Amino acid sequence: MRLRFGRRGVAVAVGALAASVLVSTAIAGSAQNPTYNLKNLRGSITADGSSTVGPYTTAAAELFRRAGATNVRVTVGISGTGGGFQRFCRNEIDLADASRPMRNTEAAACKTNNVGSWRAFHVANDALSVVVNRQNTWARCLTVAELKKIWEPGSKIDNWKDVRSSFPDVPLKLFGPGTDSGTFEYFTEAINGRARASRTDYQASEDDNVLVQGVSGERGGIGYFGFSYYVENQSRLNAVQVTNPKTNQCVGPSKAAVFNNTYKPLSRPLFVYAKGSSFKRPEVQAFMDYMFDNEVRIADRADFISLTPKQLRRARTNFALAVKAANRR
């Protein structure tokens, strides 16, 4: 049976099993990481941020509990990447889930508030998905230019026939993430050429379930969000293929297309940022260690795209360096 994880902010109370479990990660070319006895861990971990990454962290927390870390409470909130970084840089949370890298202005805020050191961990991949209503049988593949025509600042396109002359006369209804979302920033930069440059007359929400409901309820609906939300709702939505600008081939969102680097320009990395002072705590180190040691399993359980083997080796090396640095302090 596949596990299903809520797509809203979820508090995962780790406190049911009693098995003594040891978990460790071997790093190629470096010393082996510390071994954590999950049963002996105590404490709490707070995470907030990206609605795209939140379900991944929630899945990791649930499996961490099932593996034996029964006395650690992991709380996962979803306030958008920007909202998560704001809390992270106010010293309110241990981990920030992010669907884009931290901006310079956010890093400056962290420094101003004496957050200290932090490290970004690449935990999974995403095929940012453009979706339409199931009744939409015409928009099977769109070019970047057509997507820009729909979403660019000042766009007045409000009918599918204005996107492409062969499309039917159906009103266009737009749904997308709010401005605190990393998905909003990534999509607008990839499609419109500048981050945060977008038309504003669309239904926006930080809750991707609201976007799913909106697109699935409107024949002319179109929206975009992380791949895992499409997979979970593919019986209600159609994914649109996007023309790769270099090959002119129509490519749909999938793990294979991300792994072979053909889903362009909407494939992207997903991150978890760990605060240096939090990373010193054994329960936080053990949670991140467990995440990388079980990365494919977590990704599969939560309908995410895992890291490639090369990416996972780099992530484990990054983790080993973070552990070494934390233990020196």
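## Strands 4 and 5

Strand 4 (residues 43-49) and strand 5 (residues 72-76) pair in the parallel sense over five bridges; two strands pair if DSSP finds at least two bridges between them. Ile45 has Val74 in strand 5 as its bridge partner. Helices (H or I, at least four residues) and strands (E, at least two) are DSSP runs, numbered from the N terminus.

Strand 5 has a covered face made of Val72, Val74 and Val76, while Arg73 and Thr75 form the uncovered one. In a regular strand the side chains alternate between the two faces of the sheet.

## Basis of the model

This is a predicted model, in which local features need pLDDT of at least 70 and side-chain atom pairs count only at pLDDT 80 or more, while totals for chains, interfaces and linings use all residues. Residues are numbered from 1 along each chain as its sequence is written, and side-chain values use heavy atoms, with hydrogens and water left out.

Five strands form an open sheet in the order 11-10-12-8-13, with mixed pairing. Strand 11 (203-205) and strand 13 (237-239) are the edges; each has a single partner strand, so one side of each lacks a neighbour in the sheet. From one strand to the next, the twist averages 25°. Strand 10 (residues 173-177) pairs with strand 11 in the parallel sense over three bridges, and Gly176 has Ala204 in strand 11 as its bridge partner.

Helix 5 (residues 182-192) packs on this sheet and touches strand 8 (129-133), strand 10 and strand 12 (221-225); contact means heavy atoms within 4.5 Å. The direction of helix 5 makes about 110° with that of strand 12. Helix 6 (residues 208-216) lies across strands 8, 10, 11, 12 and 13, at about 155° to strand 12. Axes are lines fitted to C-alpha atoms, for helices over the stretch in contact, and angles run from 0 to 180 degrees between N-to-C directions.

Helix 1 (residues 54-66) and helix 10 pack at about 105°, with axes 10 Å apart. Helix 1 is therefore roughly perpendicular to helix 10 (65 to 115 degrees). Among the residues that meet are Tyr56 and Phe64 in helix 1 and Phe287 and Met291 in helix 10.

Gln285 is found in helix 10 (residues 282-293). Gln285 is buried, with a relative accessible area of 4% (buried means under 20%, with a 1.4 Å probe and protein chains only). Beyond four places away in sequence, Gln285 touches residues including Tyr36, Phe279 and Asn327.

Notes
Buried < 20%, exposed > 50% of the residue type's maximum accessible area, 1.4 Å probe, protein only. Parallel < 35°, antiparallel > 145°, perpendicular 65-115°, else oblique.
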